[in-house]
Amino acid sequence: METAPEVDSPPNRSWTDYTTGATKLTIKNCSGKRVQLVWLSYDGTEQVYNVLDNGQEAQQDTYSTHMWELRDEDGVCIIQYAGPSARMHLMQTGVNIVSKPAEAPAAAAEPSSYQD
């Protein structure tokens, strides 16, 4: 019997092996239900960081490689997210995620008026 190859991702690698940056999640709950914001650590443990009632909004400082899960009041996963800073708007019909736009590239230098 063949064994599956080792995957080079958590928990097989240390979290310090990944490039990560500080980010911020903003969650607005308009789902009509209470939701939990749960951090899923690299070793598989889970930690509830916040509980939002309908109409509440919260911000969570985090890192781009940290996995978060939003769960409804029955513990059912609504969405998992890891990535850049984002605003999540939970609605009864689904989730709208808007990532913070990347910084605009530096303006190009003015064309030279030098003529040969």
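**Close-up 1. Leu-90 and Val-95 on strands S7 and S8.** In this predicted model, Leu-90 stands opposite Val-95 in S8. Strand S7 (residues 86-91) and S8 run antiparallel and are joined by six bridges; strands here are DSSP runs of E with at least two residues, numbered from the N terminus, and two of them pair if DSSP finds at least two bridges between them. Residues are numbered from 1 along each chain as its sequence is written. As the model is predicted, local features need pLDDT of at least 70 and side-chain atom pairs count only at pLDDT 80 or more, while totals for chains, interfaces and linings use all residues, and side-chain values use heavy atoms, with hydrogens and water left out.

**Close-up 2. The open sheet that holds S7 and S8.** Four strands form an open sheet in the order S4-S1-S7-S8, and their pairing is mixed. S4 and strand S8 (94-99) are the edge strands, each pairing on one side only. On average, neighbouring strands of this sheet are turned by 20° against each other, direction ignored, where the axes are lines fitted to C-alpha atoms.

**Close-up 3. The ring cluster of Trp-39, Tyr-49 and Trp-68.** Ring pairs link Trp-39, Tyr-49 and Trp-68 into a cluster; rings of Phe, Tyr and Trp (its six-membered ring) pair if their centres lie within 6.5 Å, with planes under 30 degrees apart counted as stacked, over 60 as edge-to-face and the rest as tilted. By this rule there are two aromatic pairs. Trp-39 and Tyr-49 form an edge-to-face pair, at 6.4 Å centre to centre and 85° between the planes. Because Trp-39 lies in strand S2 (residues 35-40) and Tyr-49 in strand S3 (residues 46-52), this pair ties together parts that are ten residues apart in sequence. Tyr-49 and Trp-68 have ring centres 5.1 Å apart and planes at 80°, so this pair is edge-to-face. Tyr-49 lies in strand S3 and Trp-68 in strand S5 (residues 67-72), so the pair ties together parts that are 19 residues apart in sequence. Trp-68 is buried, with a relative accessible area of 4%, whereas Tyr-49 is partly exposed at 39% (buried means under 20%, exposed over 50%, partly exposed in between, with a 1.4 Å probe and protein chains only).

**Close-up 4. His-66 and its contact with Trp-39.** His-66 lies in the loop between strand S4 (57-63) and S5, and counts as buried at 17% relative accessibility. The side chain of His-66 makes a polar contact with the side chain of Trp-39 at 3.4 Å; such a contact is a pair of N or O atoms within 3.5 Å, of which, within protein, one must be able to donate a hydrogen and the other to accept it, and residues adjacent in sequence count only if both atoms are side-chain atoms. Trp-39 also counts as buried, at 19% relative accessibility.

Notes. Axes are lines fitted to C-alpha atoms, for helices over the stretch in contact, and angles run from 0 to 180 degrees between N-to-C directions.
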